Amino acid sequence: MSGPLTSALWIALSLAGAAPAEKTFTLATMPRIDVHTHIGNSWEILDDVMALRQAIQDQLHVDLAMWFSLGSAEPPDMAELRKRYQGRIQFCISDYKIQDGLRFSPQELVDWQKQGVMGFKFYPGWQPGVQIDQPAFAATFAKMEEIGMVAASPHVTNPCGTFGRRTEWFAEPVEFWRQQRAWENVLKKHPRLVVVNAHMLWLCYSDEQLDCLRYMLKTYPHLHVDLATTPVFLHAIGRENLRDFMIEYADRILFGTDMASQWFVPVLDKKLPKIRDKVPQYQRYFEFLETDKELPSGIQDEQKMRGLALPLDVLEKIYFRNAMRVYPHVAGALTQLGYFAAADAATGGAAR
Ligand SMILES: [Zn+2]
């Protein structure tokens, strides 16, 4: 059908909010969001992230639509950030030295949220003995629950396992499990706290640890995990078990890489490339999630693993749908950028 009557009807329906059906995404067109990076606050580096976006598009033919920076730098001017990148770069506040007490008071969290930060990242540091469930932190966690500030990739414990070569990076197991249980105490005490734990909560270095992560996700409905840095550990889990887990908990897993500017080298970076030259790091994550290729794994590529070849609907959740639902500002920014019609973003998980 065509003609003026049909057009008028279509316009009337559009104005009434009957948006066209959500477009179908392919691997090439879906907006991928990296929820875990450390890209600092200098405009020069943030501009370089946009150059990386272009390089990923040119070389891998996929769309890295958005990055979350977790500090440790202070966010830059938030109005300028929005103007310059149209929401493609979002910021969290962070505290990397919680052994001195949490850095932000409850009121400061409220103030930062008003400025547009999307969450609060905290990290216990490398030392053992940090007590995340100490009573002094409770007021801050309670305020986060109350105002809906997301715990953005808090890093709990360090990886612990005995597969292959041990390094000093691996915490000894008693301290590992002590910190895990202390974190569970926080989740028990603050049941409405929305959390995206970094690195699969480091429960990703054996089939048994993965069972513990299943227990955590089943028990705490507001708990999610990101995938940052995990591909070098996942070879220690049976591939079918891992694939079943990713499908079963697809609503609770978010894509992230730990990509960083020059001051920090995540384990998947072999050298110190400029941000715009980090395409291979992303390619490795994509091949692991999307293909069944045999891939190098382990911190020094000393292991092999086969990619998970996850179904498209699972990949959509991991790459963007969960981030849209869990974090503020994401759905709105993606809509403004043209990935969704306004009505679709509302049903796909509007900003809270
Ligand atoms: Zn990180």
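## Basis and overall make-up

A residue is called buried when its relative accessible area is under 20%, exposed when that area is over 50%, and partly exposed in between, with a 1.4 Å probe and protein chains only. By that criterion Ala-198, at 2% relative accessibility, counts as buried. The structure is a predicted model, in which local features need pLDDT of at least 70 and side-chain atom pairs count only at pLDDT 80 or more, whereas totals for chains, interfaces and linings use all residues. Residues are numbered from 1 along each chain as its sequence is written, and side-chain values use heavy atoms, with hydrogens and water left out.

The protein has twelve helices and twelve strands, these being DSSP runs numbered from the N terminus (H or I of at least four residues for helices, E of at least two for strands). Of its 352 residues, 54% are buried. With contact taken as heavy atoms within 4.5 Å, residues 24 or more positions apart account for 76% of the contacts that have a separation of 6 or more.

The buried residues of α2 are Ile-45, Leu-46, Asp-48, Val-49, Leu-52, Arg-53, Ala-55, Ile-56 and Leu-60, and what covers them includes β2 (63–69), α3 (78–85), β3 (89–91), β10 (259–260) and α9. After α2 comes His-61, with a positive phi near 60°.

## The α4–α5 contact

Two packed helices are described by the angle between their axes and the distance between the axes. The axes of α4 (residues 106–115) and α5 (residues 138–147) come within 9 Å and cross at roughly 35°, where axes are lines fitted to C-alpha atoms over the stretch in contact and angles run from 0 to 180 degrees between N-to-C directions. The residues that meet are Pro-106, Leu-109, Val-110 and Gln-113 of α4 and Ala-139, Thr-140, Lys-143, Met-144 and Ile-147 of α5. By class, the contact comprises six nonpolar, two polar and one charged residues, with Ala, Val, Leu, Ile, Met, Phe, Trp, Tyr, Cys and Pro counted as nonpolar, Asp, Glu, Lys and Arg as charged, and the others, Gly among them, as polar.

Ala-138, also in α5, is buried, with a relative accessible area of 17%. Leaving aside neighbours within four places in sequence, Ala-138 is in contact with Lys-189 and His-190; the C-alpha atoms of Ala-138 and His-190, which are 52 residues apart along the chain, are separated by 8.6 Å.

## Aromatic pairs

Rings of Phe, Tyr and Trp (its six-membered ring) pair if their centres lie within 6.5 Å, with planes under 30 degrees apart counted as stacked, over 60 as edge-to-face and the rest as tilted. By this rule there are 21 aromatic pairs. Tyr-282 and Phe-286 form a tilted pair, 6.2 Å centre to centre with 45° between the planes; both lie in α9 (residues 279–290), four residues apart, about one turn of the helix, and both are buried. Elsewhere, Phe-104, Phe-120, Phe-122, Phe-137, Phe-141 and Trp-183 form one aromatic cluster.

## Loop residues

Most residues other than glycine have a negative phi. Ser-153, although not a glycine, has a positive phi of about 50°; this residue lies in the loop between β6 (150–152) and α6 (173–189) and, at 0% relative accessibility, counts as buried. Ala-309 likewise is not a glycine and has a positive phi, of about 45°; Ala-309 is in the loop between β12 (303–306) and α10 (312–326) and is partly exposed, with a relative accessible area of 25%.

Ala-198 is found in the loop between β7 and α7. Beyond its neighbours within four places in sequence, Ala-198 is in contact with His-36, Lys-121, Ser-153, Pro-154, His-155 and Asp-226. The C-alpha atoms of Ala-198 and Ala-151, 47 residues apart along the chain, are separated by 9.9 Å.
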